[in-house]
Amino acid sequence: MKHKTLTQYLVEQQRQHQSVSADVRLLIETVSRACKAISTTVSKGALGGVLGSLGTENVQGEIQKKLDVLTNEILLEANEWGGSLAAMASEEMETIHRIPNDYPKGQNLLLFDPLDGSSNVDVNVSIGTIFSVLQVPAEAAGREITEADFLQPGTRQVAAGYAIYGPQTMLVLTVGAGVMGFTLDHEMGSWLMTHENIRVPEQTAEFAINMSNMRHWEAPVRRYIEECLQGEAGPLEKNYNMRWIASMVADVHRILTRGGIFMYPRDARPTGQKGKLRLMYEANPMSFLIEQAGGRATDGHGRILDIQPQALHERTGVILGSKEEVDRLHSYHQDA
Ligand code: AHM
Ligand code: MG
């Protein structure tokens, strides 16, 4: 079977459906190239001397892994000179990175988590790169880009996706016209479309949450999980299965593949009251993908994509996946 390449798909989207502009197409190609380099770097593991921590902290106060820093540099370098960006922002950088004056500037903003789930690096469990593309707001025309220019709700994303470095390396992408999955052919070095129009099954009996935080959860989450655990005999009348990979990319990938509900809710811990996951480069791109695949994403109170960000590294509660279960947990929040 002959597979369409990522390039072919993007050119088609540009020419026939106008769902992607020429510069966003180039940008996605560049990001996907950087993800290939990241995949190679990650796969070398101990042989490449890339495992372990650096001992430094990022802006979130988390100890940086060597690979957090390396992958951030790969993405910055790959995207600086292409001409389609005005600035970038990353989980690993306190503030935005403007395109240096040596290069032409474009009309887009790129946000990324260069290596999500990096606590899994040293144990050889799937990890990934998450990215989100916004446009330079009209009011910023002709002046220097500021952090405030990035603070746009997720509904304004023009593209989003992730690369997952697992048994296969895949790129899962949306330009607002459904969700497509491409598998990296390592011999050819190309991304080939293997998953066309991914849809999240509406129903599921599989949940993903870090159960060790149960004592900190808010009442609606506690109620929902207690009901799941009661199985067939409980009010939900079915037996649930549980999975928690602790790599959002891998958990979301499973949900896009076979359904499920993923939760990283707000909780009562001083560090959990706003949630753990970051809105702009984790929750928003994943919510865009999930919605484009027919699922739903909420923070318990409203649609994640509608949140007006107040800060670049803002956190949010995240509940996403198969519509029926996300609807149920959302409604439990309304009851409470
Ligand atoms: P990171 O960006 O520092 O890797 O943190 C995000 C990760 C997600 O991939 C995952 O869902 C979550 O943190 C796991 O958290 P926990 O270790 O609390 O289970
Ligand atoms: Mg992350």
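Analyst: **The site of ligand 1**

Ligand 1 takes up the space of the largest pocket (an open set of 1 Å grid points where a 1.4 Å probe fits, with protein on both sides within 12 Å along at least five of seven lines; more than half of the ligand's atoms must lie within 2 Å of these points). The model is predicted, with pLDDT of at least 70 needed for local features and 80 or more for side-chain atom pairs, while totals use all residues. Residues are numbered from 1 along each chain, chains are lettered from A and ligands numbered from 1 as written, and side-chain values use heavy atoms, without hydrogens or water.

Around ligand 1 there are 17 residues (a heavy atom within 4 Å), and Asp116, Gly117, Asn210, Met248 and Tyr264 are the closest. Polar contacts (N or O pairs within 3.5 Å) reach oxygen atoms of the ligand: a polar side-chain atom of Lys276 at 3.0 Å, a side-chain N or O atom of Arg278 at 3.1 Å, and a polar backbone atom of Ser118 at 3.4 Å. Ligand 1 lies between domain 1 (6-195) and domain 2 (206-335), because both give residues to its shell; the bounds come from an automatic or database assignment.

Methods
A polar contact is a pair of N or O atoms within 3.5 Å; within protein, one must be able to donate a hydrogen and the other to accept it, and residues adjacent in sequence count only if both atoms are side-chain atoms. On a 1 Å grid over the protein atoms alone, a cavity is a set of points where a 1.4 Å probe fits but cannot get out, and a pocket is an open set with protein on both sides within 12 Å along at least five of seven lines; lining residues have an atom within 4 Å of a point.
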